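Hi,

Here is the structure I promised to pass along. Have a look at it first, and my notes follow below.

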Amino acid sequence: MQTIDVLDGISQEDFLAQYVRRNRPVVVRDLKFDPDRWTPSHFSAHLGELPVQVYDSLFDLQDVSTLGRYLEQHFGVGGELRHGVPYVRWYNQLKDVDHAWGDEAFRRISSNWQTPSFLPDSGFLVPDASGPDPTRDLFPYRGVLISARGARTRLHRDPFCSDAVVSQFHGVKELVMYHPSRTEELFANPEQGTSFGGFVDVRASALDKVSVEPDYHGLLHPGEVLYVPHGWLHDVIVIEDSISVTWNFVHEQGAVDFIDYLMDGPEGDSEFQVLKYLYQRYGQNFSAPHEIVRHYDQRFSEVLDAYGDDA
Ligand SMILES: O=C(O)CCC(=O)C(=O)O
Ligand SMILES: [Fe+2]
């Protein structure tokens, strides 16, 4: 088991070449934010009355509460890590339904942080825009993650072969990661190959130990940004009451598997609906996956030509 690379900084070009194209995880200390505006008490005062979605240790919705009530009930509890601590995942709108979405929260905090400078500012396939900015714009699964000590995100991989970042603003998380080649080994039941469910719980016996040796282990502290390449399985547990922001994306330099996903006929994957909704919000009305592939055909073959075999 290795510790994830932690860098003090990296250029966009090097990040793309060394991590996105190679599908390798990394942590970069590159978050610009005002720590005083990312405390539980600041959130309680400025966002406390807003409704939030409260989840269990995966992505099953448990309850709708307010942020203030969640913080009051679950933050500030010390001692041993406890099982079953609920988790607030406050996503921007992902579907065409009314819900306790995080869009208003994102508007209120938008001037309290900046997009990490190592992340690419162009070349995205998802979202389908030039220079999308996660402080202001919709990304798939862009969410404010608010989670008390002991809360966790069980082993899963992210949807539709997208990459993710987790930016840490307050508190500490511990994480383990498994290379995509280990997916079969980690299926709890080989019949259930969905994005989220169906993987073994690597912390089933003790929250502070993992039962399957990971490829990488790491901690995420305030100011640090974790890059989760697509296909990697990850399990995250909160060590100190935590506030993070996450979002997913597909960049042209890491898009081969995304195109394969589209070519494989993902209509039956519920996550494909989230992808379609996001395209719609960016003005593209695709009715079938092959239309998305066609939309990128020209651009993608140019990218493949430019990077040769290792693209
Ligand atoms: O920080 C966490 O709890 C993990 C977040 C994550 O992996 C996700 O939202 O997909
Ligand atoms: Fe994830």
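Which element gives the largest share of the shell around ligand 1? That would be β15, with four residues. Before I go on, some housekeeping: this is a predicted model, in which local features need pLDDT of at least 70 and side-chain atom pairs count only at pLDDT 80 or more, while totals for chains, interfaces and linings use all residues. Residues are numbered from 1 along each chain as its sequence is written, and chains are lettered from A and ligands numbered from 1 in the order in which they are written.

Back to the ligand. Around ligand 1 you'll find Leu145, Thr153, Asp158, Ala164, Val166, Lys173, His234, Val236, Ser244 and Thr246 (a residue counts as near if its C-beta atom, placed from the backbone, lies within 6 Å of the molecule). β12 (163-178) and β15 are the elements that give two or more residues to this shell; strands here are DSSP runs of E, at least two residues, and helices are runs of H or I, at least four, numbered from the N terminus. By class, the shell has four nonpolar, four polar and two charged residues (Ala, Val, Leu, Ile, Met, Phe, Trp, Tyr, Cys and Pro count as nonpolar, Asp, Glu, Lys and Arg as charged, the others, Gly among them, as polar).

Next, the domains. The assignment, automatic or from a database, gives domain 1 (2-252) and domain 2 (254-310). Their centres, taken over C-alpha atoms, are separated by 23 Å. The contact (C-beta atoms, placed from the backbone, within 7 Å) takes 25 residues from domain 1 and 22 residues from domain 2.

The largest nonpolar core has 75 residues, and among those that touch the most other members are Val165 and Phe258. Such a core is a set of buried Ala, Val, Leu, Ile, Met, Phe, Trp, Tyr and Cys residues joined through C-beta atoms within 7 Å. β15 (residues 233-251) turns up again here, with the largest share of the core, nine residues. Both domain 1 and domain 2 give this core at least three residues each.

Cheers

Definitions and conventions:
Buried ≥ 20, exposed ≤ 12 C-beta atoms within 10 Å, placed from the backbone. Contact = placed C-beta atoms within 7 Å.
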